[in-house]
Amino acid sequence: MSEGEPSQPTELGTLRADLERLSLKTAGGLSRARAMDALGRILPRVVRALWLPPFLGVGLALIGVSLPLGWLFLGVALLALGLVAWPALKEFRRPVGREEALAVVDQRLSLSGRFQTAGGYLDHAKRTPFIVAALEDACAWVRGAHGVDLVHPIEPLVPKRLAAHGGRAMFLMLVLLVLSPGPVQTRAQEFLQEVQDYLGTDEPAPLTEVATVPRDVPQATPLDEVQAKETKPAEPGSSADDEAGEVGEQEKESKGSTGQGRSAEANSASSNSSARGAPSDQAQPSKQPEKRAKKGKRQKAKPKRKEKTRTRKTPEMSASTTGSGASKGSGRNPTASPWSSPEQAPVPDDSEIDEDEEIDDDEEEQESRGGIQPSMRDRRPPVSRDLRIGFGNRPSPDANGRGGPSQQKKSRGVASLVLGVPIPDRVKGRPGPGRTKVTQERVRPEAEQAPLQAARTGTARAHPEGHFPELDLDPWLRGMVRDYFRRLRETSSSKPN
Amino acid sequence: MTTTESSASAKAAATRFREVHEKVRTELHKAIVGQDAVIDSVLTALFAGGHVLLEGVPGIGKTLLVHSLGETLDLAFSRIQFTPDLMPSDVRGAEILVETQGGGHELRFQPGPIVSNLVLADEINRATPKTQSAMLEAMQERQVTIGERTIKLDEPYCVMATQNPVEQEGTYPLPEAQLDRFLLKVVVGYPKEEEYLRILNLTTGSTSEKLSAVSNGAEVLELRQTVRDVPVPESAQQHAVRLVMATQPDSEYAPELVRNSVSLGSSPRGAQALILAAKVHALLAGRYAVAPEDIRAVALPCLRHRVLLSFQGQADGVGADQVVAAVLEALPLPGEGL
């Protein structure tokens, strides 16, 4: 079929205006219907939620918390209003296109998309005979559609039951509002009142407390106090009186700005920063408090063990030769410290240090990294290079054939050249006991003396036994056995393969 | 030609289409009792220029329907009984050695049963895939190639294949490529109780109803052109596209059932089939343009054979019809529910 001319007959000319009017009318109704639909969806939820504030108020009142019920109910009411109004408004303001509106009309009037088709083909440049026929078909229907009231089915927004719920909830809220005892001060209001009362007084602030606790100096934490306490009993040779005196002096000193609220003894024992010097502080400045806390916890956890370890200490090496100074020789510079400080205590032999102790030392060494010399505690004098000849073929047990004795070295190896990179000995524990040897002995079996069996005395039967009656079950027993096996078969056959 | 004249020609063509359709339908009902939906679907495929796959148990008149259609439309009709030993040359034809008048011999092309107007491929799933694939070229390109010879098939050309949903042992299910070439898949069900009496009276008496040709191939071609002229507005096209996309598990329109139970959805051929069949439906409904309602009316026969169920879907007992129904439910009509 050939394409039709794009002429505009009068009948088709009115179709555009008719469809436009119809779509506008439908769009308005559709917007209202959508808004009502949104209201119908959200309202039941809001009505149910109205029960929450009264129950909340009652519940909080029961546990002793008083709330401003008026404000609470007002807030809830505003929130509910917003929850209801916003979706409805959003749906109402959503634009409805012409095609969409015409599709709704088609659907309402069961026109099988006639108006939608006509609306789509109105501005079509090439009108085929079938398109023109479709437009004319729509013209016939559009006249009838104007007379029809396109009423959109709007369901009742809130069912009766929900409305009753909402009414009861509102009533309960009102009752609570009436019964609530006047304005209730909140905690914030009480606090503000206290502050105002406080500021309203003309008395000057107590200056003594401010002077004792300087603002820029942080107060000693309980952890530091614990550390300080732990260091006190470890001081050898100091009596209780001395300790009391020292503590008194330290307390005096600690009130200065540089003491940071801590005693000098506590600083030397618990904090390595003063003994290590600047590099360690610069290397890990931010981790020091954490380390102190960790160390404090550890010391708190094992005070008894430390005391035990300290009692076992034997003087083996001097602090100056082994490098064990203020930092127990664990990679710290030897510094001058009071003779009564724990740093002057001799370092125990490694063989006597148990594994836990080594772990602690290692951790301390890890902490002491950063510009400090490596561990000096493990530096022992070199082995004797004695070349003495042994007796006969047996060499001297002390000789190692490496030349004569040499002077002691303070440190050796690459580790001594690299500052701040200690290489601690990671080999822990003790050598194993070796393989367990099991020796088997060959023992010839020996006969045991035992009494003879009584069966040997038995003899063969001399005469026939006679009639042996057939074993027959009682009827009840037979029935029971049959039932049992029948049940067994039934269960086995009912199981899926 | 004025607009009024052109619209009159369109209205006349649409009216003629409905009349011929009704005549053929009435004539077919002389031989076929009931099965209105099946007859409508077969005629839809014929006028839309597609092929039909009829699925049903034996003895419900599938072969009789196709045979009767050939008689009614006065079209060349051929029947191929597909068996496992059927070869492609048995379907397409072959060059055979014939004796000439002078006593000599020559190779002459002997066309197979596929060269016809209406081809009934009976129990098509019993042949091997090799033989089934011999139908592909004929169904899509409407031509047959044997060696160097290509034969154009006469229009109207329509393949109506039947398959049995039971007795699946020893069958070769049609590959997706061949299934996709069928415009519609029609499920033929059992007749109703009142139809049984008429069937018995019609088939067990001494006289049989003689069918007459109420149309011909040329008229069928004209009606096919009328179908092609029916316009499809954008709203209907969009609805068809969304329906097809909704059968694809990865699509945004796919419902939950499709996502869980379908491994392969419809191809664009499905959308083409929807539009063509919807055009016939619109004409039969007395409209001059396709509406989304027409698309939905033909969605089931157009899409059910283009949906490949996944293992999970098969294990759950989900059928292709359920999937199409879920798709239709997930995509409402434009303007519906507002």
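In chain B of this predicted model, strand β6 (residues 143-146) and strand β7 (residues 149-152) run antiparallel and are joined by four bridges. Together, β6(B) and β7(B) make a hairpin with two residues between them. In that turn sits B:Gly147, whose phi is positive, at about 60°. If you look for B:Ile146, you will find B:Arg149 of β7(B) standing opposite.

## Chain A

Now turn to chain A. How many helices and strands does the secondary structure of chain A come to? The tally is 20 helices and zero strands. Chain A has 497 residues, and 30% of them count as buried. Among its contacts with a separation of 6 or more, 72% are between residues 24 or more positions apart. The chain exposes about 35000 Å², with carbon and sulfur atoms supplying 58% of that area.

A:Tyr484 belongs to helix α20 (residues 475-494) of chain A. Its relative accessible area is 44%, so A:Tyr484 is classed as partly exposed, between the 20% and 50% limits.

## Salt bridges

Side chains of opposite charge can pair when their charged atoms come close. Over all chains, the search finds 15 salt bridges. Here are some of them:

| Salt bridge | N to O distance |
|---|---|
| A:Asp137 and A:Arg114 | 2.6 Å |
| B:Arg79 and B:Asp122 | 2.5 Å |
| B:Arg287 and B:Asp294 | 2.6 Å |

Take the pair A:Asp137 and A:Arg114, which meet in a salt bridge. A:Asp137 lies in helix α6 (residues 129-147) of chain A and A:Arg114 in helix α5 (residues 114-121) of chain A, so the pair ties together parts that are 23 residues apart in sequence. Both A:Asp137 and A:Arg114 are buried.

In chain B, the side chains of B:Arg79 and B:Asp122 meet in a salt bridge. Because B:Arg79 lies in strand β2 (residues 77-81) of chain B and B:Asp122 in strand β5 (residues 118-122) of chain B, this pair ties together parts that are 43 residues apart in sequence. B:Arg79 is partly exposed at 42% relative accessible area, whereas B:Asp122 counts as buried at 7%.

B:Arg287 and B:Asp294 also form a salt bridge. B:Arg287 is buried, with a relative accessible area of 6%, and B:Asp294 is buried too, at 0%. Salt bridges that share partners also join B:Arg16, B:Glu219 and B:Glu222 into one network.

## Cysteines

How many disulfides does a search of the whole structure find? The count over all chains is zero. B:Cys158 is buried, at 0% relative accessibility, and B:Cys302 is buried at 0% as well.

How values were computed
Residues numbered from 1 in each chain as written. Chains lettered and ligands numbered in written order. Predicted model: local features only at pLDDT ≥ 70, side-chain atom pairs only at ≥ 80, totals over all residues. Heavy atoms only, no water. Buried < 20%, exposed > 50% of the residue type's maximum accessible area, 1.4 Å probe, protein only. Pairing = 2+ DSSP bridges. Contact = heavy atoms within 4.5 Å. Areas by Shrake-Rupley, 256 points an atom, 1.4 Å probe, with all protein chains shown as cover. Disulfide = S-S within 2.5 Å. Salt bridge = Lys/Arg side-chain N within 4 Å of Asp/Glu carboxyl O.
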